[in-house]
Amino acid sequence: FPFKTSLIGEFNKYNVLAAIAVCRNLGTDDKTIREAILTFKPPIGREEIVYPSASSGQVNFTVMVDFAHTANAFEEILSSIKPNIKSRLIHVFGSAGERDASKRPLMGKASAKYSDIIILTAEDPRSESVEKIMKEIESGITNSKFEIRNPKQIQISKIQNKKKYFLKIPNRQEAITAAVGMARRGDFVLITGKSHEKSMNYGKGEESWDEFEAIKKALVSRWGRSTP
């Protein structure tokens, strides 16, 4: 069943084929199916390019938001986007507290396989320490090519293009701001885990959080406004 789609990744081809199978069993004609695939827009925060936007004008780097929060999801999305990135892949992520802790080193390992810069941060830590969660993720980042740096001791804008860096920035807004601030021509910033969610849990209930607003603030911090 030949089809065209704007969705990224090999895994989405299988998702589309599953949808095709259902539609054909329901009696939907092939033309309608193909048109639907072409016009389909994924849910908010799934492989969503938030920068540049249509109003951004000429820019030199990309920011994507995705809901990936497992090692397998990292492998799928990172392997899909990496071949098309002209320069560095900057990955911002964390891991939820009071959930499956065994996946944390595997997430670190998967990200290290494809990323040039890894920034670990908070992602619903709940009652767990953000530092503890980041340390567990770090245990899977076994690639010796990564240079571990303290963000307070370096100038983000001076990070060298040809080196791999690993940073831990517990505050998620600060982590996103750092990622956007260090992005250069051809870089791709991928921010995963929170996506469409509108709250963050630090162990005292849900607090307001908006990933898209955080990116806007980061762009304002860099450009003085959300678009250059």
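**Note on a predicted model: sheet and helices**

1. Start with helix H5, residues 130-138. Its buried residues are Val 130, Ile 133, Met 134 and Ile 137. These four sit on the same side of H5, because they cover an arc of only 95° around the axis. Keep in mind that this is a predicted model.

2. What lies over that buried side of H5? The cover includes strand S3 (89-93), helix H4 (103-114), strand S4 (117-120) and strand S6 (164-168).

3. Now the sheet. It is open and has seven strands, with mixed pairing. The order is S1-S2-S7-S3-S4-S6-S5. Strand S1 (48-51) and strand S5 (146-149) stand at the edges. Each has a single partner strand, so one side of each is left without a neighbour in the sheet. From one strand to the next, the twist averages 20°.

4. Strand S7, residues 188-192, deserves a look of its own. Is it enclosed or open? Five of its five residues are buried, so S7 is largely enclosed by the rest of the structure. Phe 188, Leu 190 and Thr 192 point one way from the strand. Val 189 and Ile 191 point the other way. In a regular strand, side chains alternate between the two faces of the sheet.

5. Which strands pair with S7? Strand S2 (residues 62-66) is one of them, pairing in the parallel sense over five bridges. Asp 66 has Thr 192 of S7 as its bridge partner. Strand S3 also runs parallel to S7, and four bridges join the two. Here Val 92 has Ile 191 of S7 as its bridge partner.

6. Helix H6 (residues 172-182) lies across several strands: S2, S3, S4 and S7. H6 runs at about 175° to S3.

7. Next, a helix pair. The axes of helix H3 (residues 71-81) and H4 come within 8 Å. They cross at roughly 10°, and angles under 35 degrees count as roughly parallel. H3 and H4 are therefore roughly parallel to each other.

8. Which residues make the contact between H3 and H4? From H3 come Ala 71, Phe 74, Glu 75, Leu 78 and Ser 79. From H4 come Leu 106, Met 107, Ala 110, Ser 111, Lys 113 and Tyr 114. The residues of this contact divide into seven nonpolar, two polar and two charged.

Definitions and conventions: Residues numbered from 1 in each chain as written. Predicted model: local features only at pLDDT ≥ 70, side-chain atom pairs only at ≥ 80, totals over all residues. Heavy atoms only, no water. Buried < 20%, exposed > 50% of the residue type's maximum accessible area, 1.4 Å probe, protein only. Arc of directions from axis to C-beta. Contact = heavy atoms within 4.5 Å. Axes fitted to C-alpha atoms, helices over the stretch in contact; angles between N-to-C directions. Parallel < 35°, antiparallel > 145°, perpendicular 65-115°, else oblique. Nonpolar A, V, L, I, M, F, W, Y, C, P; charged D, E, K, R; others polar. Pairing = 2+ DSSP bridges.
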